[in-house]
Amino acid sequence: MAKILRIYPENPQENLINEVIKTLNNGGLIIYPSDTIYALGCNIFDVKAMEKLAQLKKIKLEKAKFSIICNDLSHLSDFTRPIDTSVFRYLKSRLPGPFTFILEANKSLPLAYKGHKTIGIRVPDHPIPQLIVEKLGHPIASTSIRDDDEIIEYSTDPELIAEKYDHLVDIVIDSGYGDNIASTIVDLTSGEPELIRQGKGIL
């Protein structure tokens with residue numbers, strides 16, 4: 001059964017964040033809030049956790065395109081090829097924010113990402129994922145929670161999310177209602193921004 005932790009952005013309780021960190025370090029899956037929609041996350045360095053995440057999305061891990069959630073741009077060089085100053089400035093002007101930026105991956109990607117030529121980087125403008133990554137000491141893998149309803153694309157109610165994923169994840173962070181608009185995806189691999197999906201972020 002998933003444990004529901006009520007953690008609010010205004011005053012995230014340290015003991016509850018520590019419980020989330022322990023779960024991630026033990027290979028658990030979490031559902032967490034962001035500046036866009038609620039998402040599924042796990043430890044990027046735990047291949048078994050990554051496989052569980054892929055199974056939840058009904059895809060093979062090698063075909064999965066899970067974003068990497070960072071708390072700032074300092075992790076970029078861990079996962080991406082060197083980027084131009086102009087591209088870095090562009091990222092800095094929009095992050096933290098509701099964007100996923102596709103960048104060229106380097107050869108130091110975690111095992112579960114091996115063979116990927118590109119990687120999606122997110123720095124949400126939300127204190128809870130930022131705090132989780134900061135305390136964990138490295139980014140987490142992430143994928144959005146989609147709704148089964150064809151009209152409502154994303155689930156917003158954490159209680160209904162917890163009900164649906166009760167036996168599939170270890171922790172659901174209830175931070176109040178989420179948004180129902182996903183991040184804007186921008187491809188920066190050519191050095192010039194190319195809009196892949198229009199979401200909450202305005203270019």
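User: Which residue forms a salt bridge with R81?

Analyst: In this predicted model, local features need pLDDT of at least 70, side-chain atom pairs count only at pLDDT 80 or more, and totals for chains, interfaces and linings use all residues. Residues are numbered from 1 along each chain as its sequence is written, and side-chain values use heavy atoms, with hydrogens and water left out. A salt bridge requires a side-chain nitrogen of Lys or Arg within 4 Å of a carboxyl oxygen of Asp or Glu. With the closest N and O atoms 3.6 Å apart, the partner of R81 is E104.

User: How many residues apart in sequence are the parts that R81 and E104 tie together?

Analyst: Helices (H or I, at least four residues) and strands (E, at least two) are DSSP runs, numbered from the N terminus. R81 lies in the loop between helix 3 (76-79) and helix 4 (85-94), whereas E104 belongs to strand 5 (residues 99-104), so the parts tied together are separated in sequence by 23 residues.

User: What is the relative accessible area of E104?

Analyst: Buried means under 20% relative accessible area, exposed over 50%, and partly exposed in between (1.4 Å probe, protein chains only). R81 is partly exposed at 45%. E104 is also partly exposed, with a value of 34%.

User: Which helix holds K135, the salt-bridge partner of E14?

Analyst: The closest N and O atoms of E14 and K135 are 3.1 Å apart. This pair links distant parts of the chain, 121 residues apart: E14 is in helix 1, and K135 is in helix 5 (residues 127-136).
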